Structure formats: structure tokens, C-alpha cells
Amino acid sequence: MKTGAVTDEFDAAAPSYDRLVAANPGYHRHLRMSARRLRLPRGGEGLRVLDLGCGTGASTAALARELPRAEIIGVDASAGMLAAARAKRWPDRVRFVHARAEDLTLAHLGGPVDAVLAAYLLRNCPDPDRALAVMRSLLRPGGRVALHEYSVADSAAARAVWTAVCWSVVIPAGRALTGRADLYRYLWRSVLEFDGAAALRERMRAAGLDLVRTLPLTGWQRGITHTFLGRVPEAPGPAGEHA
């Protein structure tokens with residue numbers, strides 16, 4: 001499915017998207033786990049956090065709950081998903097921007113950010129390396145990245161479970177709620193075709209991130225959905241040492 005078609009499908013699915021993900025056990029809890037894994041201090045006080053690929057705002061809500069003092073900026077390429085997010089009630093410290101990940105600049109955000117959460121985003125980007133490069137360019141030195149993402153290529157068992165769940169639950173539920181199944185067949189196929197965990201970690205390192213690692217999630221998604229963590233290296237101090 002071409003990039004524009006994927007965005008169109010997300011636009012069409014936006015009105016029913018929250019109902020579909022709510023049926024996924026652990027969906028919101030797992031997003032909160034990835035938000036916590038950023039390990040930002042003081043509830044995010046004085047920090048600016050980017051929710052890249054915010055969709056209808058589930059990941060934004062996870063950040064808002066786990067970081068009650070942070071400024072949070074949700075960004076999405078789908079106007080329909082973003083409209084659904086904006087229609088919800090948010091504290092003044094939360095705002096939204098309509099933009100593609102690959103096109104995002106500091107001007108969109110009003111300056112650099114201290115952390116990025118990108119949930120289910122990178123797999124949908126036509127150029128994942130460009131998207132990671134943009135994330136790095138938007139982060140301050142020492143800034144943190146959490147990719148909350150499917151990755152099953154390294155495990156035959158995970159691929160089998162993913163396929164069974166998609167064809168028995170996700171695709172039929174998507175068709176029942178929206179009257180169409182293209183987006184959910186794309187979801188199934190795109191996860192199978194995406195990086196394995198080791199390959200994604202290498203992609204993150206190639207983008208200039210360090211301290212890259214993978215942490216598991218729980219329940220049926222263990223081995224299927226993961227938190228991939230990384231950090232922009234700290235700026236060197238005056239003597240060439242890390243600050």
C-alpha cells in the first residue's frame with residue numbers, strides 16, 4: 001500500500017479507531033509502560049516531549065499521565081486521526097501539529113525536545129532512516145527516544161501468533177467497525193515485513209543513537225510488541241569528555 005493510501009486509510013478509520021484498540025488487552029497499559037521507560041525526571045517538569053505519530057491520542061494520553069508536568073506535542077500525518085485527538089479534552093500543556101514525521105522541523109515544535117515517543121510509527125514511514133534522522137535532529141544532547149513497535153521477524157513463533165490474531169480478530173473486527181479491511185490487512189503484512197529487533201537496533205545506532213536496547217512487553221504481545229530505547233549522545237565537555 002502506497003504512503004498516501006495508508007494515510008487515507010487512517011483517515012477513514014479514525015472515527016472507530018479508539019473502539020478497536022480498546023478491545024486489545026493491554027494496549028493502553030503498554031503505551032504507559034513505554035512512556036515510563038523514557039525515565040524522565042520530576043514528572044517531566046520543564047521538559048518538552050514529542051509524541052510522534054500520535055494518532056487519535058492514545059500515546060499522548062499515556063505521556064500526559066506518566067509525565068504530568070511535561071509539555072507534550074502530538075504530531076501525526078493523518079488529518080482524520082489528528083482531528084479525533086484534538087476533539088478530546090486535554091490540559092493546556094498538550095498541543096497537536098499536523099505534519100509527516102519526515103518533514104518535521106524545529107519550527108513546527110518551537111524548539112528542540114527532550115524526548116520522543118513514537119508508537120507504531122516507524123513501520124509506517126516510507127523512509128524509516130529519514131524518520132529516525134529527523135527524531136535525532138529534534139532532540140537535545142542527551143535526549144531520549146522510545147519506539148513502541150511491533151517486531152516479529154526474529155521469531156517464527158511470534159510471526160505465527162501475530163498472523164493468527166490478525167486473521168481471527170483484528171481484520172474481522174476492523175471490517176465490522178469500518179466496513180473495510182484494507183488497513184488491517186496492511187497492518188498484518190507490514191508487521192511481518194518490518195525489521196527484526198536486532199535490525200531495528202542497528203538502524204537506531206546508524207541514526208546516531210547510543211545506549212540502544214529492547215525491553216519486552218507483557219501478555220499475548222510478548223515477543224511481538226517491544227519498547228526500543230535509545231539516546232542522543234551527551235554533548236562533550238570543554239576537555240572533550242562527556243558532560
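Leaving aside residues up to four places away in sequence, L50 touches I73, V75, L104, L109, V113, A115, V116, L117 and L138; contact means heavy atoms within 4.5 Å. This is a predicted model, in which local features need pLDDT of at least 70, side-chain atom pairs count only at pLDDT 80 or more, and totals for chains, interfaces and linings use all residues. Residues are numbered from 1 along each chain as its sequence is written, and side-chain values use heavy atoms, without hydrogens and water.

**Nonpolar cores**

- The largest nonpolar core has 32 residues. Such a core is a set of buried Ala, Val, Leu, Ile, Met, Phe, Trp, Tyr and Cys residues joined through side-chain atoms within 4.5 Å.
- L50, L52, V75, L104, M135 and L147 have the most contacts inside this core.
- Two or more residues each come from β1 (48-52), β2, β4 (113-119), α6 (128-138), β5 (139-150) and α9 (197-206). Helices (H or I, at least four residues) and strands (E, at least two) are DSSP runs, numbered from the N terminus.
- α6 gives the most to this core, with five residues.
- A second, separate core has 29 residues, including L20, A119, C166 and V170.

**Largest pocket**

- The largest pocket holds about 900 Å³ of space. On a 1 Å grid over the protein atoms alone, a pocket is an open set of points where a 1.4 Å probe fits, with protein on both sides within 12 Å along at least five of seven lines; lining residues have an atom within 4 Å of a point. A volume is the space filled by probe spheres set on the points, which are joined across faces, edges and corners.
- Its lining has 46 residues, with F10, Y17, Y120, R123 and N124 nearest the centre.
- α1 gives the most to this lining, with seven residues.
- By class, 33 lining residues are nonpolar, nine polar and four charged. Ala, Val, Leu, Ile, Met, Phe, Trp, Tyr, Cys and Pro count as nonpolar, Asp, Glu, Lys and Arg as charged, and the others, Gly among them, as polar.

**Second largest pocket**

- About 160 Å³ of space lies here.
- Among its lining residues are L122, R123, Y186, R189 and R203.
- α8 supplies the largest share of the lining, four residues.
- The lining has five nonpolar, one polar and five charged residues.

- Y120 has a phi of about 55° and sits in the loop between β4 and α6. Y120 is buried, at 11% relative accessibility.
- L211 has a phi of about 50° and lies in strand β6 (residues 210-216). L211 is exposed, at 52% relative accessibility.
- Buried means under 20% relative accessible area, exposed over 50%, and partly exposed in between (1.4 Å probe, protein chains only).
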